[in-house]
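Let's take a walk through this model together, one region at a time. Keep the sequence and the 3D view side by side as you read.

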Amino acid sequence: MDDSKLSGTNNSLKEVKDPDTETLNEKEMQKLEKLYSQSFINFKEGELVEGKVSEITSRDVMIDIGYKSEGRLPLEEFNNVDSLKIGDSVKVFLESKEDEDGTVIVSKRRADRHLGWKYIEDNHQEGDIIEGKVIKKVRGGMIVNIGIDAFLPGSLASIKGPADMDGMLGNTYKFKIVKITPSRKNIVLSRRAIVEEELRKKSEELLDELKEGQVNKGRVKNITDFGAFIDLGGVDGLLHITDMSWGRVNHPSEILALNDEVEVVILNVDKESRKVSLGLKQKTESPWKSAEKKYAVGTKIKGKVVNILPYGVFVELEKGVEGLVHISEMSWVRKIKHPNELLAIGDVVEAMVLSLDMEKQRISLGLKQLEPNPWEGVEDRYTEGDEVTGKVHHITDYGAFVALEDGIDGLIHVSDLSWTKKVNDTKEVLKKGQTVTAKVLFVDAENQRISLGLKQMQEDPWPELVEKYSTGTKCKGKVVKVASFGMFVELEEGLEGLLHKSGAKNSDEEHIDFKPGQQVEVSVIKIDKNKHQIRLKLEGFEEFKEVEVNKEQLKEQESLESSDYVEEETSS
């Protein structure tokens, strides 16, 4: 007998009529009851069973599993409702043989998940590629149906930034299985891994196609201080700021903007490091190719100041060609400490080409060369021995500069201020703005130097002083300066001698501490007319009396001239 004819009814077999006989005898009844009972032996709760669609309503699908009652499934458990028809085979999960109403409880969703897991375990492992459909958003990512529901974390859904989850919903993609946890029935997928691999393959193919000298289209992907990254369609290339324009570029944003479509030249391809160098200016010819003809030495040019540095200014002659005006080439007359004293960015200037280096692409320019050089013919105007008059306009520790004419200065060195006095500071003798007459000592037109002497306006007194203060001569003097090595004694106005501390002893061989202004008796132990030095020793002294002296004289002075005495004493 067909067991399916027995399913779906709760009537006792005793009431079943045989088509050939009106009643069944007791022996046949027992046989039928045995067969009916055996038909349910294989149905166990918690197992998969196969049933057939027996009825489809607007809300449910009735499933006949060959049991005494049918199972009811909600329509939403079916993915293909439109193609579902009566008689279709369906595998379901038997949750309970009957509920309170005597209805069998089945679940297609649990059956699908069970079958899906078995398929995954039998056919896939971590690292495999699988296709799935994004079905819904959840916290932290999305659910993807790959036969069963799997989790796609938001961080693994896209290769950059947050994924467009709404845009992915309902779409089918390939995914990489990142992790399978059978105990939790959990699968984690990655879309990013697939996209990265696709991009890698695409970039390798593109790298093989790129050749130096090619012109390719790209999109500005990122801009930095040193350049811009251009997406060539799967490979990023660097367009350095120096390769954007033949002219000066202060920042790449002056030339490009994000997402701009640009045509660039392939300069270099390094397949090993996957680096591509690009150029924009190389699409046009370098202006330096014709620079040698345009900017020959001696040519007068006009240009715009584009950059100012402490050592000079850069002048743009044309886009891509600049020349440097060094600070030393700006003026014959003015002493310029910084170029911004004379020029500002944007100024249009006229200059002369002084030198051209095509290999290094450098042009040296001069501004002062367009004006007469005051040093030309200076040796004819100033010769050694001439007496000149000028005004002191600058004083330094080593001397004073005297303006002789516009742009021409002469230097009086501190050693040429006095024949006899040890001058430690130029300001002891000269003041700024003072008019002086000096003698020309030498002229160096090439290095633009004139040396002047103030003491040379008088006869050298040392030949007479050598006779007047010969060795052994005794005289009186006044202590004017005290140093750690001794003291200077003024013998007459403007003439000083050194009394070393080794010679400043009394009759008991005790050192004496002298003060400026104290009177002493000394004798000359040595005089050198070439070095203009007199060495003294102590003969006698007066007891010190308080006298009014300049506070500066109370300070220890160890000048360069004084150190000459120390060196001589040490050597002797």
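Four strands each give at least two residues to the lining of the largest pocket: β21 (387–396), β22 (399–405), β23 (408–413) and β25 (449–453). Keep in mind as you explore that the model is predicted. Among the contributors to the lining, β23 has the largest share, with four residues. The volume of this pocket comes to about 780 Å³. Its lining counts 26 residues, and K335, W375, F401, D409 and Q448 are the closest to the centre.

You will find Q448 in the loop between β24 (435–444) and β25. Its phi is near 55°, a positive value in a residue other than glycine.

H532 sits in the loop between β29 (519–528) and β30 (533–541). Here the relative accessibility is 14%, and because buried means under 20%, H532 counts as buried.

In general, strands of a sheet pair through backbone hydrogen bonds, either parallel or antiparallel.

Let's follow some of these pairings. Strand β16 (residues 300–309) meets strand β19 (residues 348–357) in the antiparallel sense, over five bridges, and K300 has M352 of β19 as its bridge partner. β16 also runs antiparallel to β17, to which five bridges join it. In that pairing, N307 stands opposite F314 in β17. The two strands form a hairpin, with two residues between them.

Why can strand β17 (residues 312–318) be called largely enclosed by the rest of the structure? Six of its seven residues are buried, and that is the reason. On β17 and strand β18 (residues 321–326), you can trace six bridges between antiparallel strands, with E316 opposite E322 in β18. This hairpin has two residues between its strands, and G320 takes a positive phi near 95° there.

Strand β2 (residues 60–64) and β3 run antiparallel and are joined by four bridges; D60 has P74 in β3 as its bridge partner. Six residues lie between the strands of this hairpin, where G66 has a positive phi near 85°.

At the start of α2, a side-chain oxygen of S107 comes to within 3.5 Å of the backbone nitrogen of R109. Which residues of α2 are buried? They are K108, A111, G116, W117 and I120. As you look along the helix, recall that an α-helix has 3.6 residues a turn, so residues three or four places apart point the same way.

Technical notes: Residues numbered from 1 in each chain as written. Predicted model: local features only at pLDDT ≥ 70, side-chain atom pairs only at ≥ 80, totals over all residues. Heavy atoms only, no water. Pairing = 2+ DSSP bridges. Buried < 20%, exposed > 50% of the residue type's maximum accessible area, 1.4 Å probe, protein only. Polar contact = N/O pair within 3.5 Å; in protein donor to acceptor, adjacent residues only side chain to side chain. 1 Å grid on protein atoms, 1.4 Å probe; cavity = no way out; pocket = protein on both sides within 12 Å on 5 of 7 lines; lining within 4 Å. Points joined across faces, edges and corners; volume = space filled by probe spheres on them.
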